[in-house]
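Subject: Structure handover

Hi,

Here is the structure I promised to pass on.

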Amino acid sequence: MSGVLLSVEDALVELPTPRGNLRAVDHVDLTVDAGRTLGIVGESGCGKTMLSRAILQLLPKKARLSGRVMFDGQDLTRLSPEKLRKLRGRSLAVVFQDPMTSLNPVLTIGTQLIETIQEHLALDLAEARKRSVELLAAVGIPAPEQRLAQYPHQLSGGMRQRVAIAVALSCEPKLLIADEPTTALDVTIQAQILDLLAREQRRRHMAMIIITHDLGVVAGRTDEVAVMYAGRVVERAPTPALFKQMRMPYTEALLAALPKLDAAPHTPLPAISGRPPDPTRPLKGCSFAPRCRYAAGRCNTDKPVLSRAETAEHLYACFHPIETTASGRA
Amino acid sequence: MLLPSPDPLLKVDNLVVEYSVGGKTVHAVSGVSLEVERGETLGLVGESGCGKSTLGRAVLQLRRAESGKVLFDGHDLTAMQGEALRRMRQRVQLIFQDPIASLNPRRRIGDIVAEPLVIAGVKDPAERRQRVHDVLSAVGLDPTLVAGRLPHEFSGGQCQRVCIARALVLNPEFVVCDEPVSALDVSIRAQILNLLEEMKTRYGLTLLFIAHDLAVVKAVSDRVAVMYLGRLCEVGPSEQLFARPAHPYTALLIEAIPVPDPDMKPTESVPTGEPPSPIAPPSGCRFRTRCPRADTRCASEVPELHPLAPGQLVACHHPLI
């Protein structure tokens, strides 16, 4: 039986800006069990990346974080920079949207892989090199031996992301955070990279957090989904339950706004009117209320808390959730 | 050539566009022919580097073609220069991907939208103000509130509305939309797609809609052309093309789209590799290096676009249907 690997408790991230305090993450609670996959979905500015940076303790210097980030029995917010450095790359790894964020342009692929492996594992150069070749092969890079001598700029975007994944996987992490890992890639390459992540996640029994703006990405590839809006988690459920019955109007609207492949051309899309609230001017009531077609009464005055629905695993923050009487989605 | 129409608004004939990079030739567009009917939206899809944006720019003569013709309403744009081309450009407009970068940050919204009128020689300031006012209202912005403000005061979605207003202020007939929604969030994307559809009806536009996202393309297009490494693979009516793709690359693109339904488990994608470099495209069919159906003929013989079903053309020696 797998236990809780990561638990984010009441995380709050604030950034000072000339316009006032920007509350990027607003009292978020999350857990990820060992070996499981959590999808965090939201639009730009919803706080999903700041949340992942809070977990990794990689927030901008000026940011203030409160709350706890319990990972593998330790509170990461209290760890010394030295201990954090040992942990990141070893048991906590990350893949960013742009692989060049994590790859050094002036070092060869081989140097970067071997360095990471030797930093964290007691392997000599020959062993580290052998492991690097195995990793590159595992992430689907042809001619891995030759690639060790190449620089990142000699590879395509998709190949670079494979290398970044190989670096992230090199020390068998317990948790991999993938922040929009395929957003910069083409659709056929996106499918390959998502398959690769899923395969390695199963093979290595690691836990994974996939951060994305695309409900399509989380649907087939996660165990649980958390939907974020304006810094808060507004709905969280096991993936099949969420897609079967969305309770929070924002989640439903987000799905409805996606163009459907099976819809006829020129079908008007049910767009969400307006835009997200200014994060430096928090609303008193529900952040989605100004755009929500179900909003009424206390939606504008009280903040709904994330609470249980009919099933223990399905949480939502809404005073007027979508009724469950209908048999699933329309 | 593609559809038997006597009078297409745009006819691109065997267009070739090449770039020189470090002494090497990039074969961006290699002999593309297509037609866009009056009042229709032709979607152009393909992955990055396939030449779709270059094609869009070559249509507008923002990039001159090496060879081939671009006939707009019967006039060959590739043969036009100077004043004649400038006059013709009032009838064809472009909307870019990055709405914020395509607006001058130091100019006010009202002036940005009025600029095409100034260039076109509309001298009367009152007329210019009126037309800017009308087009801003049409794209869903309040002219009295926005005209005096600067681009940074607006979100990406609103900036795209401004770009659309600027493209429409001269009442063009034809608009090339180059990835107009790919920089926008899902909830904003739907608003802009709906707006483009509305504007198309209101202004009687013909659109060339370039995007990498098939679902987005299908939502707005009457017909879709699929492009790969500088060549067209397949052209057909949207629904037909999605229901029965004939080219293996079209099928791969459709299969790769992540579907927001957990019951539709993603099929472990076939290892199909990556597109080769347009500097040294494969001989014969350019898709053959990633194609499960490729054989020796595909390496030696370039497949020509030929009709397969009503309105559907495919460039493949071994089509799926």
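Below is what I found, starting with the contact between the chains.

Keep in mind that this is a predicted model. The contact between the two chains draws 41 residues from chain A and 41 residues from chain B. On the chain B side, at least two residues each come from helix H7 (186–203), helix H8 (214–220), helix H9 (238–243) and helix H10 (248–256). The biggest giver there is H7(B), with 8 residues. Sorted by class, the side of chain B that touches chain A has 20 nonpolar, 11 polar and 10 charged residues.

Still in chain B, there's a hairpin made by E11(B) and E12(B), with 2 residues between the strands. Strand E11 covers residues 306–309 and strand E12 covers residues 312–314, and the two pair in the antiparallel sense over 3 bridges. One bridge to look at is B:Pro307, whose partner in E12(B) is B:Leu313. In the turn, B:Gly311 has a positive phi of about 75 degrees.

Leaving aside residues up to four places away in sequence, A:Thr31 touches A:Val4, A:Leu6 and A:Ser7. A:Glu145, on the other hand, is 114 residues from A:Thr31 in sequence and 39 Å from A:Thr31 in space, C-alpha to C-alpha.

Cheers

Note on methods. Residues numbered from 1 in each chain as written. Chains lettered and ligands numbered in written order. Predicted model: local features only at pLDDT ≥ 70, side-chain atom pairs only at ≥ 80, totals over all residues. Pairing = 2+ DSSP bridges. Helix = DSSP H or I, 4+ residues; strand = E, 2+ residues; numbered from the N terminus. Contact = placed C-beta atoms within 7 Å. Nonpolar A, V, L, I, M, F, W, Y, C, P; charged D, E, K, R; others polar.
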